[in-house]
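Subject: Handing over the structure

Hi,

Here is the structure I promised you. Please open it and keep it beside this email while you read.

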Amino acid sequence: MFQIRIHGRGGQGVVTAADLLAYAAFKEDRHAQAFPSFGSERTGAPVVSYCRISTRPIRSHEPVLAPDAVIVQDPTLLTAINVFSGLSLGGYALINSARPFSTFDIDPRTVEAVPLEHRLTVPATDLAMEHLGRPLPNAVLLGAFTAMTDVVSLTAVCEAIADRFPGALGERNIEAARAAHEIIADKIALTAKEDHGAA
């Protein structure tokens, strides 16, 4: 079972992101669940949602305390809460930012289990503004997530977006998700090339 925790703020589509991810997994004939943490619903308040994906029926319904991946939709949360708490050995950390991961003041202990090549950023809000005209990074980050892991495919995520947002809105979200996927794929390829050169 692969577990994802998504951190953001009210109004950024945090809950929708988990729903889309679960729906994409369903499209690939896997079991999935998505649910939010219940707390303040006001715009701008910290929000957390969870997604589990498995090849077998999922019986757990507790919050995800030991995620395999953490997606941070709002980087201001990095100084407010420990978003990477419990992140599993070899896990993935994705931050919505144009800045490199290494430039954030993050306690090294919180990401020590995460390989350097699994610590990535993508300018999801910038891409959302470019393609949607609105600062909604959720679907964009899912495109990036599909490049980081093989949990769900970009095709399945794009199909889930199209079903959830028919018409032009869905098409623009898909374009932004594909752009994010390409950015992350290029970063991973560059890292692999540098590692090969060092070897």
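How many helices and strands does the secondary structure of the protein come to? It comes to 5 helices and 6 strands. Helices (H or I, at least four residues) and strands (E, at least two) are DSSP runs, numbered from the N terminus. Along the sequence, the pattern reads β-α-β-β-β-β-β-α-α-α-α.

Two notes before you go on. This is a predicted model, where local features need pLDDT of at least 70, side-chain atom pairs count only at pLDDT 80 or more, and totals for chains, interfaces and linings use all residues. Residues are numbered from 1 along each chain as its sequence is written, and side-chain values use heavy atoms, with hydrogens and water left out.

**Overall size**

The radius of gyration of the protein is 16 Å, close to the 16 Å that the globule rule gives for 199 residues, so the protein is as compact as a globular protein of that length. That radius is taken over C-alpha atoms, and the globule rule is 2.2 Å times the number of residues to the power 0.38. The C-alpha trace spans about 45 × 35 × 35 Å along its principal axes.

**The sheet**

Strands of a sheet pair through backbone hydrogen bonds, either parallel or antiparallel. Here, 6 strands form an open sheet with mixed pairing. Their order is β2-β3-β1-β4-β5-β6. Two strands pair if DSSP finds at least two bridges between them. The edge strands are β2 (31-36) and β6 (119-122), and each pairs on one side only. On average, neighbouring strands are turned by 15° against each other, direction ignored.

Look at β2 and β3 (residues 46-54). They pair in the antiparallel sense over 6 bridges. His-31 has Ser-54 in β3 as its bridge partner.

Helix α1 lies across β1 (2-9), β2 and β3. It runs at about 5° to β3. Axes are lines fitted to C-alpha atoms, for helices over the stretch in contact, and angles run from 0 to 180 degrees between N-to-C directions.

**The helix pairs**

Start with α3 (residues 138-148) and α4 (residues 154-164). Their axes come within 9 Å and cross at roughly 165°. The two are therefore roughly antiparallel to each other. Angles under 35 degrees count as roughly parallel, over 145 as roughly antiparallel, 65 to 115 as roughly perpendicular and the rest as oblique. Ala-139, Leu-142, Gly-143 and Thr-146 in α3 meet Leu-154, Val-157 and Ile-161 in α4. Contact means heavy atoms within 4.5 Å. The residues of this contact divide into 5 nonpolar, 2 polar and no charged. Ala, Val, Leu, Ile, Met, Phe, Trp, Tyr, Cys and Pro count as nonpolar, Asp, Glu, Lys and Arg as charged, and the others, Gly among them, as polar.

Next, α1 and α3. They pack at an angle of about 45°, with their axes 9 Å apart. That makes α1 oblique to α3. In α1, Thr-16, Ala-17, Leu-20 and Leu-21 meet Asn-138, Leu-142 and Phe-145 in α3. This contact has 5 nonpolar, 2 polar and no charged residues.

Last, α1 (residues 14-27) and α4. Their axes come within 8 Å and cross at roughly 120°. Which classes make up this contact? It divides into 7 nonpolar, 1 polar and 5 charged residues. Among the residues that meet are Asp-19 and Lys-27 in α1, and Glu-159, Asp-163 and Arg-164 in α4.

Best wishes
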